[in-house]
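Okay, thanks for coming, everyone. Let me put the sequence and the structure up on the screen, and then we'll walk through them together.

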Amino acid sequence: MSKLSQLAVGQEAVVASIDATNVAAVRLMEMGMTPGCSVKMIGSAPFGDPLEVEIRGYHLSLRKTEADLVELES
């Protein structure tokens, strides 16, 4: 399984799981990032942090450490 932080710009994937033991991960799930939903990498800042993803029709900015909590289906 790969992590959301490893997704290339323009790529889409499906969320497999989220490490819900972290408070930030719980917040991500509250914002709609749940297993089974599609996510697309839109871009990243010049130094790679934060990342911008599209999920459920809206754009979301995440820190790389937060994106590492999201595992994608392979």
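Let's start with a question: does Arg56 count as buried or exposed? Its relative accessibility is 53%, and the cut-off for exposed is over 50%, so Arg56 counts as exposed. Before I go on, keep in mind that this is a predicted model.

Where is Arg56? You'll find Arg56 in the loop between S4 and S5. Its phi is near 55°, which is a positive value in a residue other than glycine. For background, most residues other than glycine have a negative phi, and most peptide bonds are trans. Pro50 sits in the loop between S3 and S4.

Okay, let's zoom out. The chain has two helices and six strands, and going along the sequence you read β-β-α-β-β-β-α-β. The six strands make an open sheet, in the order S1-S6-S2-S3-S4-S5, and the pairing is antiparallel. Strand S1 (2-3) and S5 are at the edges with a single partner strand each, so one side of each has no neighbour in the sheet. If you're new to this, strands of a sheet pair through backbone hydrogen bonds. Take S4 and S5: they pair in the antiparallel sense over five bridges, and Leu51 has Leu62 in S5 as its bridge partner.

Now for the inside. The largest nonpolar core has 20 residues, and Leu4 and Met33 have the most contacts inside it. Several elements supply at least two residues each, including helix H1 (23-30), strand S2 (12-18) and strand S3 (38-44). What does Leu4 touch, if we leave aside neighbours within four places in sequence? Among its contacts are Met33, Val39, Met41, Leu62 and Leu72.

Here's another residue to look at: Glu66, in helix H2 (residues 64-67). At 17% relative accessibility, Glu66 counts as buried, because the cut-off is under 20%. Not counting residues up to four places away in sequence, Glu66 touches Ala24 and Leu28.

Last, the whole chain. Of its 74 residues, 34% count as buried. A compact globule with 74 residues would have a radius of gyration near 11 Å, and the chain has 11 Å, so the two agree. And among contacts with a separation of 6 or more, 55% come from residues 24 or more positions apart.

That's it from me. Over to you!

Note on methods. Residues numbered from 1 in each chain as written. Predicted model: local features only at pLDDT ≥ 70, side-chain atom pairs only at ≥ 80, totals over all residues. Heavy atoms only, no water. Core = buried A, V, L, I, M, F, W, Y, C linked by side-chain atoms within 4.5 Å. Buried < 20%, exposed > 50% of the residue type's maximum accessible area, 1.4 Å probe, protein only. Helix = DSSP H or I, 4+ residues; strand = E, 2+ residues; numbered from the N terminus. Contact = heavy atoms within 4.5 Å. Pairing = 2+ DSSP bridges. Rg over C-alpha atoms; globule rule 2.2 N^0.38 Å.
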